[in-house]
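Subject: Structure handover

Hi,

Here is the structure I promised you. Please open it alongside this note, and my findings follow below.

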Amino acid sequence: MLQSFNALLKRDLLLAFRHRGELANPLLFFLMIVTLFPLGVSPEAVVLRKIAPGVIWIAALLAALFSLENLFRSDFEDGALEQMLLSPQPLSILVLAKVLAHWLVSGLPMLLLAPLLGLLLAMPESAIAALELTLAIGTPLLSLIGAIGVALTVGLRRGGVLLTLLIMPLYIPVLIFATNAVTAAAAGMPIAGQIYFLASLLVLALTLAPLAIAAALRISVS
Amino acid sequence: MWPFLHKLASPRYFYDISGKFIPWLGGLTVITLLAGLYFGLVEAPPDYQQGESYRIMFIHVPSAWMSMFIYVLMALWSGINLIWNIKLADVMTVSSATLGASFTLLALVTGSLWGKPMWGAWWVWDARLTSELILLFLYLGYIALVSAIEDRRTAARAGGVLILVGVVNIPIIHYSVEWWNTLHQGPTVTKFDKPSIHVSMLIPLLIMAVGFNLYYLTVVLMRARVEVLDRERRSAWVRELFARQE
């Protein structure tokens, strides 16, 4: 079981690095959305500091959604997904490997870029540390929840907008707790409560989401 | 009990028996709603604080109750469909979705109309209003997914997974929104304390709630009958039915 998990993880990472050009796209998307806010709202540091946690987190949400769209697409088209469904290994473990691979190539780079964006939006250092922490817990959560929606829409030709409609409402708790933690950290308040809540959501998603993804894949591919 | 349920799960039997129930349910719905409106709009005294405008509560509160109740029902049916593969359960889920979304929209619109004289604004980011809005999004997402998938069985099963994911998330969303609201509490929100409601107002409210439930039951059965006919249109009994009518 662990072997198949590793094999799939390795395969997905290799595939991702063979298409190096596509790797940067979600990151650029993340960067560009954040850049639009000072241009659209106001370049004043006071205003930016106030809206920064929300802006960065909403950009991360959207970047995660758009990069997720192709999570199962190529496997669905070339038949690899069907082989996964037929394999004797538990499907939920296999999809967990795919989600992890996706997070490593899209979530983790966002984590590295986020401090820079924090500086662009005039965030104080304590808030940047909190931002990193919430992104570290929150982006895997986004990948796990989003993958359910992707699995439900994989068989559809125009799944993109639909995916957004299905998944956005489910992202709301993550957004609330993460931005709240960053705002609290900027004000010098403790953020342990929010972080614990995010972590417990992550545990919940880690246990339940693979089952839902597997069930959804079986329905969409059959 | 079980043999009856098995029999009921067959589309043909369901079509017959629901056809017999619908006129009675429809009649009861009209009577209950009229009685509820009469007691609510005429008999109940005006509120000492809100005057006459509180009477929108008799529409607003039952529709908010229904919006949540229908989602839970849909989750139950989706579970039944995914576990035991009973066709009728997914017919009921699909037929309920639009009704649930309509009740949610009704609750939001009446809430907004009530909010204007009470809070001085059409919309405030109050925790309950926000959760209700998110519930509407969940319903609309379900409807969008089901209408995007061509094969009906697949659509119903995929929708079922979405509903079950949603029902796990609803309490999380609700409490996180409430928590967000207590921290971001706007300066103008004057949340009126829930006064213990007087019996003269409670009775019409309960009558209206029963009426809304009956209305839902009537309309969902009507919609389910059409859905059953459409799905079974190639089967012998549906053809026979239409041949007899012609």
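How many Å apart are the mean positions of the positive and negative charges of chain B? They lie 7 Å apart, counting 19 positive and 16 negative charges. Please keep in mind that this is a predicted model.

Chain B first. Its secondary structure is made up of eight helices and zero strands. The C-alpha trace spans about 65 × 40 × 35 Å along its principal axes.

Chain B has 246 residues, and 48% of them are buried. The chain exposes about 13,300 Å².

Now the interface with chain A. The contact takes 27 residues from chain B and 22 residues from chain A. Interface size is often given as the accessible area lost when the parts come together. Here, the area buried between chain B and chain A is about 2,000 Å². Carbon and sulfur atoms give 86% of it. Which three residues supply more than any other three of the area that chain B buries against chain A? They are B:Val161, B:Ile172 and B:Trp179, with 23%. As for salt bridges between chain B and chain A, the count is zero.

Best wishes

Conventions
Residues numbered from 1 in each chain as written. Chains lettered and ligands numbered in written order. Predicted model: local features only at pLDDT ≥ 70, side-chain atom pairs only at ≥ 80, totals over all residues. Heavy atoms only, no water. Helix = DSSP H or I, 4+ residues; strand = E, 2+ residues; numbered from the N terminus. Buried < 20%, exposed > 50% of the residue type's maximum accessible area, 1.4 Å probe, protein only. Areas by Shrake-Rupley, 256 points an atom, 1.4 Å probe, with all protein chains shown as cover. Lys, Arg positive; Asp, Glu negative; His and termini not counted. Charge placed at Lys NZ, Arg CZ, Asp CG, Glu CD. Contact = heavy atoms within 4.5 Å. Buried area = accessible area lost by both parts, 1.4 Å probe. Salt bridge = Lys/Arg side-chain N within 4 Å of Asp/Glu carboxyl O.
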